[in-house]
Amino acid sequence: MALLITGGAGFIGSHVVRHFVNRYTHYQIVNLDALTYAGNLENLTDIEGAANYQFVKGSITDSALLDQLFTQYDFKGVIHLAAESHVDRSIAHPMAFIETNVKGTAALLNACKTHWSTFEGRRFYQISTDEVFGALGDSGLFTEDSPYAPNSPYSASKASADHLVRAYGETYDLPYVISNCSNNYGPNHFPEKLIPLCIHNILKGKELPIYGDGLYTRDWLYVTDHAQAIDQVYHQGKNGETYLIGGHNEFTNIDLIRLLCEQMDARLGRAPGTAQKSITFVKDRPGHDKRYAIDASKIERELGWSPAHTFEQGLAATIDWYLEHEEWLAHVTSGAYQSYYDKQYGT
Ligand code: NAD
Ligand code: TYD
């Protein structure tokens with residue numbers, strides 16, 4: 001059984017690819033990734049020689065390549081993670097987000113529609129974000145019934161993609177599932193996002209930039225718990241349904257970074273309070289969503305999923321991983337990776 005995973009060289013995708021390659025040895029896993037600044041084959045060195053794994057470098061926007069792959073492999077399913085994923089970059093470079101997240105998703109859906117002679121036993125799985133629902137106030141949780149109200153070019157591009165998936169289901173009967181997950185953290189997270197950026201900056205003695213008043217709230221989930229949820233939604237989810245995935249783990253950014261500082265000081269044998277001195281409040285992100293939080297009771301009730309890691313365990317494992325992979329951090333923050341993005345997309 002051939003399964004196409006897109007974006008498998010990125011943060012979450014690499015954990016999903018590893019999970020599927022190791023657990024489902026009878027599947028042929030094809031990982032299609034354009035290797036943008038965020039994609040890195042170093043994330044997958046442990047499985048690159050596996051008999052059931054194939055990497056293809058290319059873009060989901062390349063319909064000719066999709067035609068070739070869908071002809072070569074009779075994919076039974078697509079798990080679609082490839083995306084431009086960083087809100088700040090979407091503010092600086094919105095068109096790149098439309099290109100990959102909207103047009104790329106449309107190209108993939110069209111490949112399924114064109115090449116799947118029967119939809120029997122097939123499934124398109126859209127990996128999405130809770131950011132499509134916009135911002136919560138001080139109370140309440142997102143549910144599967146929350147209306148879409150995206151506020152950033154990133155979340156609007158993901159919302160558009162989700163709508164296209166749903167529309168292909170309604171119009172062409174394409175079998176699909178969608179999941180919308182909260183903020184992930186863990187190994188292989190690109191150091192532009194809050195947690196790995198701050199780990200990197202603590203190690204380098206740089207400032208820890210906190211946007212606005214730092215009272216923005218996110219619900220954090222350890223990345224392998226998301227990979228496990230994706231497995232369960234892919235195999236057990238119902239066609240046409242949405243599942244919200246979250247960690248029941250809300251932190252304001254400032255509390256989270258203070259906790260990270262404490263753990264980093266302890267881990268590095270530095271005096272308590274050392275890292276916190278680098279916290280710097282900086283200009284806020286435009287359109288900054290106040291709070292995200294997930295009611296994950298549907299996936300817990302219907303599919304029996306719940307996170308296996310507490311935040312304390314997950315954060316400790318994340319810090320350990322970054323301390324053990326300083327060469328990874330040096331590589332992904334090298335000039336070659338940074339300039340790649342600007343060369344590809346401009347403004
Ligand atoms: P990431 O930026 O780390 O990885 C994205 C991957 O997609 C990279 O490997 C990149 O090379 C690849 N890619 C980008 N454009 C491509 C293209 N045109 N063709 C093929 N490959 C391309 O992102 P991530 O954080 O791992 O997120 C993965 C998915 O999960 C995204 O769809 C994102 O919206 C979603 N998501 C992320 C989070 C989170 O907290 N990171 C939460 C919920 C949902
Ligand atoms: P981020 O990791 O970019 O994820 P998202 O915007 O998808 O939630 O940001 C998490 C939170 O941290 C968000 O409220 C913005 C904030 N933030 C900072 O305060 N400083 C930073 O340097 C970054 C990157 C984010």
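So, how many salt bridges does a search of the whole structure find? Twelve, counting a side-chain nitrogen of Lys or Arg within 4 Å of a carboxyl oxygen of Asp or Glu.

Quick housekeeping. This is a predicted model, so local features need pLDDT of at least 70 and side-chain atom pairs pLDDT 80 or more, while totals for chains, interfaces and linings use all residues. Residues are numbered from 1 along each chain as its sequence is written, chains are lettered from A and ligands numbered from 1 in the order written, and side-chain values use heavy atoms, with hydrogens and water left out.

Back to the bridges. Arg23 pairs with Asp231, closest N and O atoms 3.4 Å apart. Arg23 sits in helix H1 and Asp231 in helix H7, so the pair ties together parts 208 residues apart in sequence. Helices here are DSSP runs of H or I, at least four residues, and strands are E runs of at least two, numbered from the N terminus. Arg23 is partly exposed at 47% relative accessibility, whereas Asp231 is buried at 4%. Buried means under 20% relative accessible area, exposed over 50%, partly exposed in between, with a 1.4 Å probe and protein chains only.

Next, Arg89 and Glu192, with closest N and O atoms 2.5 Å apart. Arg89 is in helix H3 and Glu192 in the loop between S7 and helix H6, so this pair ties together parts 103 residues apart in sequence. Arg89 is buried at 14%, and Glu192 is buried too, at 13%.

What Arg218 does have is a polar side-chain atom 3.1 Å from the backbone oxygen of Asp289.

On to ligand 1. It has 28 residues around it, the closest including Asp33, Tyr154 and Lys158; the cut-off is a heavy atom within 4 Å. Backbone N or O atoms of Ala34 and Ile60 each lie 3.0 Å from a nitrogen atom of ligand 1. A polar side-chain atom of Tyr154 lies 2.7 Å from a ligand oxygen. The protein covers 96% of the 830 Å² of accessible area that ligand 1 has on its own, by Shrake-Rupley with a 1.4 Å probe. Strand S5 gives the most to the shell, with three residues.

Note on methods:
A polar contact is a pair of N or O atoms within 3.5 Å; within protein, one must be able to donate a hydrogen and the other to accept it, and residues adjacent in sequence count only if both atoms are side-chain atoms.
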